[in-house]
Amino acid sequence: MLAALRLPRLALREPGLVVRTLSTGLRVVDESRVALPLGGSKVRNLEWLIGEACAGGGDVITLGPAGGQHLLASGVYGKRAGLRVHAVAWPQPWSEAAERSLRALHAHAEVVWPAASRNRAPFTLARVFATVRLLAGYPPMIWPPGGSSPTGVLGWVQGGIEIA
């Protein structure tokens with residue numbers, strides 16, 4: 001159904017959903033196992049965001065807290081698709097999980113650009129945008145924090161269709 005829109009999409013999820021029907025009749029999807037190496041809900045919107053980015057260039061800038069799952073998933077799946085992902089990361093409270101994610105992000109992102117705070121992230125974004133545009137010769141695509149965008153939401157629309 002969504003394929004009829006002719007929007008680029010890069011399939012990241014493994015075939016077959018893990019769906020349970022509760023005694024109330026409510027159907028529940030286990031998103032944690034939909035893709036490897038990282039599952040979770042971020043994969044749904046990244047299929048559409050990465051598809052769009054592959055069709056439009058090769059550089060992407062995205063934002064989020066240092067150690068956040070959106071930045072990590074964007075770096076892992078973006079690099080796998082041949083994109084150069086520039087991550088603008090602002091501080092968050094330390095945890096072992098956040099530290100592991102941030103270390104993994106450094107291994108997958110083109111560059112991790114530190115922002116002094118979430119409030120300063122737009123200024124860092126502007127600097128990164130100008131730098132990447134100058135070096136690449138074309139404007140990079142920008143993904144908002146969490147990948148929340150009209151393109152990214154198509155993953156949730158698709159999810160609703162899958163379990164309907």
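# Ser74 and its surroundings

Me: Leaving aside neighbours within four places in sequence, what is Ser74 in contact with?
Reply: Ser74 is in contact with Leu46, Thr62, Lys79, Val85 and Trp143. Contact means heavy atoms within 4.5 Å. This is a predicted model, in which local features need pLDDT of at least 70 and side-chain atom pairs count only at pLDDT 80 or more, while totals for chains, interfaces and linings use all residues. Residues are numbered from 1 along each chain as its sequence is written, and side-chain values use heavy atoms, with hydrogens and water left out.

Me: Which helix is Ser74 in?
Reply: Ser74 is in α2, residues 69-80. Helices (H or I, at least four residues) and strands (E, at least two) are DSSP runs, numbered from the N terminus.

Me: Is Ser74 buried or exposed?
Reply: Ser74 is buried, at 0% relative accessible area. Buried is under 20%, exposed over 50%, and partly exposed in between, using a 1.4 Å probe and protein chains only.

Me: What lies 2.8 Å from a polar atom of its side chain?
Reply: That is the backbone oxygen of His70.

Me: Changing topic. What is the strand order in the sheet?
Reply: The order is β5-β4-β3-β6, an open sheet of four strands with parallel pairing. Two strands pair if DSSP finds at least two bridges between them.

Me: Which strands stand at the edges?
Reply: β5 (111-114) and β6 (141-143) do; each has a single partner strand, so one side of each has no neighbour in the sheet.

Me: How many bridges join β3 to β4?
Reply: Seven, between residues 59-65 and residues 84-90, running parallel. Ile61 stands opposite His86 in β4.

Me: Now α5. Which residues there are buried?
Reply: In α5 (residues 154-163), they are Leu154, Gly155, Gln158 and Gly159. Seen down the axis of α5, they fall within an arc of 145 degrees, so they line one face of the helix. The arc is that of the directions from the helix axis to the C-beta atoms.

Me: What do they pack against?
Reply: The buried residues of α5 pack against α1 (42-56). Leu154 has 13% relative accessibility and counts as buried.

Me: What else covers the buried residues of α1?
Reply: The cover includes β3, α2 and β6, along with α5. Among the buried residues of α1 are Asn45, Leu46 and Trp48.

Me: And what follows α1?
Reply: Gly57 follows α1, with a positive phi near 155 degrees.

Terms used: A polar contact is a pair of N or O atoms within 3.5 Å; within protein, one must be able to donate a hydrogen and the other to accept it, and residues adjacent in sequence count only if both atoms are side-chain atoms.
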